[in-house]
Amino acid sequence: SLNVQDDLHVLHHIQMARGQLSGASATDMINGSDLRHFRKKRDRLYDTIGSICGMIRILCVLDTTLVTRATLTPVVQRALDKRIFSPFAMTIAVIDGIIH
């Protein structure tokens, strides 16, 4: 999905360069609302994939190189961030810090 975002930005820059050369109007270009719409759809997709039941347990049984590759993806990073920074996880971390 990171490649899709990169491709969208590259497309925008290409369109801007073509617009400057050929005099195309600004309405032909990708605008801010297009990027907001794209990010909204991307975030919804990330949340849907990240909420798959058992995804973290599946990561635990994978080979080390596969786990590394998976955790570098924005989808898994977002899912892990949501779980790590959940109120339950933060409470457990504080209690563990106090006890030890």
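Modeller: A salt bridge here is a side-chain nitrogen of Lys or Arg within 4 Å of a carboxyl oxygen of Asp or Glu. By this rule there are four salt bridges. This is a predicted model, where local features need pLDDT of at least 70 and side-chain atom pairs pLDDT 80 or more, while totals for chains, interfaces and linings use all residues. Residues are numbered from 1 along each chain as its sequence is written, and side-chain values use heavy atoms, without hydrogens and water.

Start with Arg 78. Its side chain meets that of Asp 43 in a salt bridge, at 3.0 Å from N to O. The two partners come from distant parts of the chain. Arg 78 sits in helix H5, residues 74-84, and Asp 43 in helix H2, residues 32-50. (Helices are DSSP runs of H or I, at least four residues; strands are runs of E, at least two; both are numbered from the N terminus.)

How exposed are these partners? Arg 78 is partly exposed, at 27% relative accessibility. Asp 43 is partly exposed too, with a relative accessible area of 23%. (Buried means under 20% relative accessible area, exposed over 50%, and partly exposed in between, with a 1.4 Å probe and protein chains only.)

Arg 78 also forms a salt bridge with Asp 47, and the N to O distance is 3.0 Å. Arg 78 is in helix H5 and Asp 47 in helix H2, so this pair ties together parts that are 31 residues apart in sequence. Asp 47 counts as partly exposed, at 30% relative accessibility.

Stay with Asp 47. Its side chain meets that of Lys 82 in a salt bridge of 3.1 Å, N to O. Asp 47 belongs to helix H2 and Lys 82 to helix H5, so the pair ties together parts that are 35 residues apart in sequence.

Now put the pairs together. Which residues do the shared partners join? Arg 42, Asp 43, Asp 47, Arg 78 and Lys 82 form one network, through salt bridges that share partners.

H5 has buried residues as well. They are Val 75, Val 76 and Ala 79. Looking down the helix axis, the buried residues of H5 fall within an arc of 95 degrees, so they line one face of the helix. (The arc is taken from the directions from the helix axis to the C-beta atoms.)

Next comes Met 55. This residue lies in helix H3, residues 55-60. Met 55 is buried, with a relative accessible area of 12%. What does Met 55 touch, leaving aside its neighbours within four places in sequence? It is in contact (heavy atoms within 4.5 Å) with Ile 49, Gly 50 and Ala 79. Ala 79 is one of the buried residues of H5. Val 76 is another of them. From Met 55 to Val 76 the C-alpha atoms are 8.8 Å apart in space, and the two residues are 21 apart in sequence.

Finally, the whole chain. The chain has six helices and zero strands. Its elements run α-α-α-α-α-α from the N terminus on. Of its 100 residues, 18% are buried. Take the contacts between residues at least 6 apart in sequence: 60% of these join residues at least 24 apart.

What about the cysteines? Cys 53 is exposed, with a relative accessible area of 69%. Cys 60 is exposed as well, at 62%. A search of the whole structure, looking for disulfides (cysteine sulfur atoms within 2.5 Å), finds zero.
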